[in-house]
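Morning, everyone. Please bring up the model on your screens, and we will walk through it together.

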Amino acid sequence: MSSSIVLVILVTSFATYLSRFLGVVSSEKIKENSKWFRWFNCLAYSTLAALIARTIIFPAGVLSGTEYSIRFIVVFASLLIFYLSKKNLVYPTVFSVMLLFVLSSFY
Amino acid sequence: MINSKYFFQGFGCIKKVDSPAIALGCCMIAIGVLLKNLGFNLQESVFSTFLTYALPGSLVMAESMIVGASLLNIFLAVWLVNVRLYPMTVALMPLLMHKNQPRWKYYLSCHFVAVSAWLIMKNNYQSVDKEKRIDYWIGVGTATISIAIIGTIIGFLSSDYLNEDMMIGLAIVNPVYFTCMMVGAMKTIQITLSVVLGAILGPLFFLLSPEWSILFGGFVAGTIAFYVGELNVK
């Protein structure tokens with residue numbers, strides 16, 4: 001392994017573990033039925049939703065090569081399948097690939 | 001040390017209907033391809049997935065390396081995109097903590113805090129005895145990180161055979177899976193509002209500041225959702 005790549009990996013993993021580690025330190029003082037816990041619960045779900053919405057609307061990488069409207073149609077159609085299949089997650093994920101493939105080849 | 005019955009129950013999450021295997025596997029295949037193109041060898045790619053185990057962090061690392069960023073810049077960029085793991089850990093660990101369990105389990109297993117394992121645990125924790133939840137969680141984490149590593153290896157080895165259409169197909173699976181998972185988790189006013197407002201404010205703040213959009217958008221959305229939820233409970 002070249003040393004620079006190993007260093008980059010170590011720096012990346014340290015930067016990532018830091019937030020997890022501090023999270024456990026804080027958790028030792030936070031009770032699961034406290035207001036603090038409920039607030040952090042909201043923050044966790046909202047930051048995740050923000051991240052996922054951003055990857056759909058402003059994607060980085062290969063997805064940025066697809067049409068904005070196509071991505072939207074795929075996500076909404078997959079959500080519909082998710083509800084129709086009584087919240088099964090395998091069907092919508094497999095369906096999303098096929099729909100994206102079909103729509104991309106037409107447009 | 002670790003109760004094997006609960007560990008394997010947690011590990012079994014990859015066989016269920018809400019299995020993260022397909023979504024996680026697909027995006028880690030994409031990461032494997034990306035790392036190979038960056039000049040990583042197979043060992044380095046596996047090492048990277050095992051030690052970082054957070055997809056956006058790996059993507060930022062890759063982007064920073066492409067533009068030749070310094071180690072300090074890489075650290076800051078990765079830290080910024082992964083700060084979301086802090087509230088996620090705080091929103092999970094109190095549910096798993098028990099006085100009969102040693103603390104090292106929490107400090108070691110927090111490494112598994114990533115979207116897929118976290119959502120699975122949040123959806124299932126009530127079905128597990130509180131004292132044993134940490135063992136169940138270690139099972140869930142071990143299963144998901146195993147899939148991530150296998151995905152990285154498959155991606156690395158098959159990168160020469162994957163064309164751009166296939167890569168686009170792999171890339172859509174992840175957001176679709178997590179969108180369905182988040183929508184499925186909307187069971188209280190607070191969580192529903194957090195998800196809906198986060199999904200609106202995240203992209204909106206992106207127009208103002210791409211680097212800070214997730215943190216600012218998430219913070220504002222989560223805080224509004226918290227207060228509205230608290231008022232409704234009273």
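Among contacts in chain B between residues at least 6 apart in sequence, what percentage join residues at least 24 apart? The figure is 77%. Two residues are in contact here if their C-beta atoms, placed from the backbone, lie within 7 Å.

Some ground rules. This is a predicted model, where local features need pLDDT of at least 70, side-chain atom pairs count only at pLDDT 80 or more, and totals for chains, interfaces and linings use all residues. Residues are numbered from 1 along each chain as its sequence is written, while chains are lettered from A and ligands numbered from 1 in the order in which they are written.

On confidence, the complex has an ipTM of 0.89 and a pTM of 0.88 from the predictor. Chain B has a mean pLDDT of 90. In chain B, 99% of residues reach 70 or more. That score is the predictor's confidence in each residue, from 0 to 100.

Let's stay with chain B. Chain B has 13 helices and 0 strands. Helices (H or I, at least four residues) and strands (E, at least two) are DSSP runs, numbered from the N terminus. Along the principal axes, the C-alpha atoms of chain B fill a box of roughly 55 × 45 × 35 Å.

How much of chain B is buried? Of its 234 residues, 54% count as buried. The cut-offs: buried means 20 or more other C-beta atoms within 10 Å of a residue's own, exposed means 12 or fewer, and partly exposed is in between, with C-beta atoms placed from the backbone.

Chain B is assigned domain 1 (4-174) and domain 2 (186-234). These bounds come from an automatic or database domain assignment. The centres of the two domains of chain B, taken over C-alpha atoms, are separated by 24 Å.

Now a few residues in chain B. Start with Ile149(B), in helix H10 (residues 133-158). Ile149(B) counts as partly exposed because it has 18 C-beta neighbours inside 10 Å. Which residues does Ile149(B) contact, leaving aside neighbours within four places in sequence? They are Val46(B), Thr49(B) and Phe50(B). Ile149(B) and Val46(B) sit 103 residues apart in sequence, yet their C-alpha atoms are 6.0 Å apart in space.

Next, Tyr53(B). Find it in the loop between helix H3 (42-52) and helix H4 (55-66) of chain B. Most residues other than glycine have a negative phi. Tyr53(B) is buried, because 24 other C-beta atoms lie within 10 Å.

Over to chain A. Chain A has 4 helices and 0 strands. Its radius of gyration is 20 Å, whereas a compact globule of 107 residues would have one near 13 Å. The C-alpha trace of chain A spans about 55 × 50 × 25 Å along its principal axes. Buried residues make up 43% of the 107 residues in chain A.

Lys87(A), which is not glycine, has phi near 65°. Look for Lys87(A) in the loop between H3 and H4 of chain A. Lys87(A) is partly exposed, because 15 other C-beta atoms lie within 10 Å.

Last topic: where the chains meet.

Take a look at H2(A) itself. Its 23 residues reach 33 Å from first C-alpha to last, close to the 33 Å expected at 1.5 Å a residue. The expected span is 1.5 Å times one less than the number of residues. H2(A) is mostly covered, with 19 of its 23 residues buried.

One contact to finish. Tyr107(B) lies in helix H8 (residues 104-109) of chain B. Not counting residues up to four places away in sequence, Tyr107(B) touches Phe21(A) and Val24(A). Is Tyr107(B) buried or partly exposed? Tyr107(B) is partly exposed, because 15 other C-beta atoms lie within 10 Å.

Notes
The radius of gyration is taken over C-alpha atoms; the globule rule is 2.2 Å times the number of residues to the power 0.38.
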